Amino acid sequence: MQASQDVIRSNGRLGSLSTIPGPRGQLLLGNLMQLDIPRLHLQLEEWAREHGSLYHLRLGNKQVIVDSDPDEISTIMKARPDTWKRVTEIAECAREDGFIGLFAAEGDEWRRQRRLVMTAFDPAHLRGYTPHIRLITDRLRRRWTERARRGERFEVRSELMRYTVDAAAVLSYGKDLNTLEDETSELQSHLLAVFPMLYRRILMPFAYWRLVRLPADREYDRHVAAIQHLIGKLVKDARAQLERMPQRRSSPSNLLEAMLIARDDDGSGLTDTDITGNVFTMLLASQDTTANTIAWTISLLNRNPQAWHRLVKETLSVLGDELVPRDLDQMHQMSFAEACANEAMRLKPVAPIMALEAMQDTTVRGYAIPKGCRAYLLPRPGAVEHESLRDPLEFQPQRWLGEDGHGTFPKRISTPFGAGPRICPGRYLAMIEIGMVLAMLARNFRIAELGAKDGAPPEERMAFTMCPSDFRCRLTLV
């Protein structure tokens, strides 16, 4: 394929979509009926190995290019938000369900929200929230200690989702939701229903639910209504807090307060929809991506004893008698724990597909891409097949530390948080949470069992993010 692109460039002409190779489809539906939704990322990666790092799909009336070249992915991501945006269905579904926050917003709507959200998640603000994250991490330790004493085999991913929601809630809303200890809380079940349905609707050839509501859609409506009720209470409580403590208007203590203050200021541009949408978005994004990343990291460590023992040694050296990292200064000393997380995200990116849409006519690698064409970006193939990496399919966290014999430093080819103007604003919070849990686990527990009932490692499954299909664990105490 590279040779054909060189010919196109040398002739000074752009190729058309129809000249890009790809899997053969049906006459009317194209490749639509070939899609294997629960394993879509694996299917797209398999087609990339067969047809090359740039290939073409037709999904009904939608034209799609699929690109897995790291350099081109970086170029496309840096061209947002002016040339590329998220596919239209994401914003439409988010708007009708009430969570058109920073993740789904585009254009001016995105720009007016970005500064406040990015500021709330910058390293300086996060340092002040670390004690709260430490408290929540210690709750998780106590919970797992009791499970270990009972010899209980438990579902790790659901526990981690409760943990990440609690941690993000303190930062974003100033509320300790404590879903970890509150077994009666239904918030988790409501949140778990959102991403799978959003994923399903994005891939539907037409928006049937706007014409008829199936039982699954009515159940989804109930989940969304319950979350919106909680958000309404959070906003009401935050407004009341600002009225009782007006001094906070000059120094807001969380993202929700900052947005409410900006909403009340003339010329801020923020709307009530912006506020509720970002509260909804933070609840969703906090639970899924970070929790799945921690789960995949634990799974890879369990399958690589040498890396696990090195993590244990580092954690004991840094923490001493502490059971959980005390502060960011301690965490900054745990470079191998951070390397483990980065290596896990290279091998098991929880966002293995980025679906974008061209906002104007553009070009990609010598081909003319018309406005409205979709681009599915696959970050993993380039990160695990790059010729500069030694043993690229192996879990080797030391490659992130620049240790001799491990090839090119992989940061350039592994971008789990995206790149360019729309890089993930919560990346620093995610790394703190991941590091806290890894250190807590290595300091206090041994992994006795992990994986499916037959002992097999968890399988990859797509439900908007990539999650482990069966991730049960039994721990023992150190």
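How many salt bridges does the count come to? In this predicted model, the count comes to 44 salt bridges.

The protein chain has a mean pLDDT of 88, and 95% of its residues reach 70 or more. Confidence is lowest in α1, where the mean is 45, and highest in helix α13 (residues 305–319), where it is 97. The pLDDT is below 50 over residues 1–10, a stretch that has 18 contacts in the model beyond near neighbours in sequence.

Several salt bridges can be described individually. The side chains of E109 and R95 meet in one of them, with an N to O distance of 3.1 Å. E109 lies in helix α5 (residues 107–120) and R95 in helix α4 (residues 88–97), so this pair ties together parts that are 14 residues apart in sequence. E109 is buried, as its relative accessible area is 16%, whereas R95 is partly exposed at 46%.

A salt bridge also links R374 and E357, whose closest N and O atoms are 3.3 Å apart. Here the pair ties together parts 17 residues apart in sequence, because R374 lies in strand β8 (residues 374–377) and E357 in strand β5 (residues 354–358). R374 counts as buried because its relative accessibility is 8%, and E357 is buried with a relative accessible area of 10%.

The side chains of E46 and R39 form another salt bridge (2.8 Å, N to O). E46 is partly exposed, with a relative accessible area of 35%, and R39 is partly exposed, with 29%.

E460 is found in strand β10 (residues 460–463) and counts as buried because its relative accessibility is 16%. The side chain of E460 makes a polar contact of 2.8 Å with the side chain of H41. A polar contact of 2.8 Å also joins the side chains of E460 and R380. With neighbours within four places in sequence left aside, the residues in contact with E460 include P38, L42, W296, K348, M466 and C467.

On the surface, L27, L28, L29 and M33 form a nonpolar patch, together presenting about 490 Å² of accessible area. L27 is placed in the loop between α1 (2–11) and α2 (40–51), and counts as exposed because its relative accessibility is 77%. E50, in helix α2, counts as exposed at 57% relative accessibility. The C-alpha atoms of E50 and P21 are 9.8 Å apart in space, while the two residues are 29 residues apart in sequence.

Notes: Residues are numbered from 1 along each chain as its sequence is written. This is a predicted model: local features need pLDDT of at least 70, side-chain atom pairs count only at pLDDT 80 or more; totals for chains, interfaces and linings use all residues. Side-chain values use heavy atoms; hydrogens and water are left out. Patches are made of residues with over 30% relative accessible area and no salt bridge: like charges are joined within 9 Å, nonpolar side chains (Val, Leu, Ile, Met, Phe, Trp, Tyr) within 5 Å. Accessible areas come from the Shrake-Rupley method with a 1.4 Å probe; for residues, only the protein chains shown count as cover. A salt bridge is a side-chain nitrogen of Lys or Arg within 4 Å of a carboxyl oxygen of Asp or Glu. Helices (H or I, at least four residues) and strands (E, at least two) are DSSP runs, numbered from the N terminus. Buried means under 20% relative accessible area, exposed over 50%, partly exposed in between (1.4 Å probe, protein chains only). pLDDT is the predictor's confidence in each residue, from 0 to 100. Contact means heavy atoms within 4.5 Å. A polar contact is a pair of N or O atoms within 3.5 Å; within protein, one must be able to donate a hydrogen and the other to accept it, and residues adjacent in sequence count only if both atoms are side-chain atoms.
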